[in-house]
Amino acid sequence: SGKTVAFLLPCLTAASAAARERKKANQKGPATPSTLVLAPTRELATQIAEECAKLCFDAPKQQKNWCVCCYGGANARPQLSFLARGVEVLVATPGRLVDFLERSTQRGPLVDLSNVRFAVLDEADRMLDMGFEKDIRAIVDEMPVARQTFLFTATWPKTVQRVAADILGPS
């Protein structure tokens with residue numbers, strides 16, 4: 001349907017600008033994506049990351065991992081290795097991302113969401129049906145209030161309406 005490309009294009013434009021700013025500042029430290037995409041399943045997260053990679057064919061060469069995909073049910077070590085090299089667009093399942101947010105090293109956090117300018121919750125109704133509400137709220141609490149949030153849902157039950165009102169803020 002083109003939905004993935006529709007939300008990725010503005011996100012990637014912003015990510016490109018953020019990458020240039022970060023390079024000028026020679027910023028190092030934890031993974032600080034400018035775009036976060038949450039998906040309910042490994043399959044959807046992987047599909048979104050593949051589309052992102054197609055759109056990032058001209059990404060700056062110094063940014064080895066423009067788009068990183070993190071999901072549960074797989075070894076976390078390679079995903080953490082990719083994150084450690086830097087990332088502009090992080091596509092993740094809620095459970096794995098909360099796991100990474102809770103982990104810390106002697107050097108500090110592994111993932112820092114304080115620079116997220118765009119947040120995408122794809123198939124939000126499905127994430128809530130799968131019991132990810134607590135994780136979604138924990139993730140949103142780590143992001144700045146001043147961000148643009150995209151929330152996609154196939155249905156509009158009360159639970160989705162309530163979470164949307166909390167996450168998206170007043171209209």
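Which helix holds both Glu-133 and Arg-137, and how many residues apart are they?

Glu-133 and Arg-137 both belong to helix α6 (residues 133–141), where four residues, about one turn of the helix, separate them; helices here are DSSP runs of H or I with at least four residues, and strands are runs of E with at least two, numbered from the N terminus. The two residues form a salt bridge whose closest N and O atoms are 3.0 Å apart, a salt bridge being a side-chain nitrogen of Lys or Arg within 4 Å of a carboxyl oxygen of Asp or Glu. Glu-133, Arg-137, Arg-162 and Asp-166 are linked in a network of such bridges.

## Basis of the model

This is a predicted model, in which local features need pLDDT of at least 70 and side-chain atom pairs count only at pLDDT 80 or more, while totals for chains, interfaces and linings use all residues. Residues are numbered from 1 along each chain as its sequence is written, and side-chain values use heavy atoms, leaving out hydrogens and water.

## A bridge across the sequence

Among the seven salt bridges found in the whole structure is the one between Asp-122 and Lys-3, with the closest N and O atoms 2.7 Å apart. Asp-122 lies in the loop between β6 (118–121) and α5 (124–129) and Lys-3 in helix α1 (residues 3–25), so the pair ties together parts 119 residues apart in sequence. Asp-122 is buried, at 1% relative accessible area, whereas Lys-3 is partly exposed at 28% (buried means under 20%, exposed over 50%, partly exposed in between, with a 1.4 Å probe and protein chains only).
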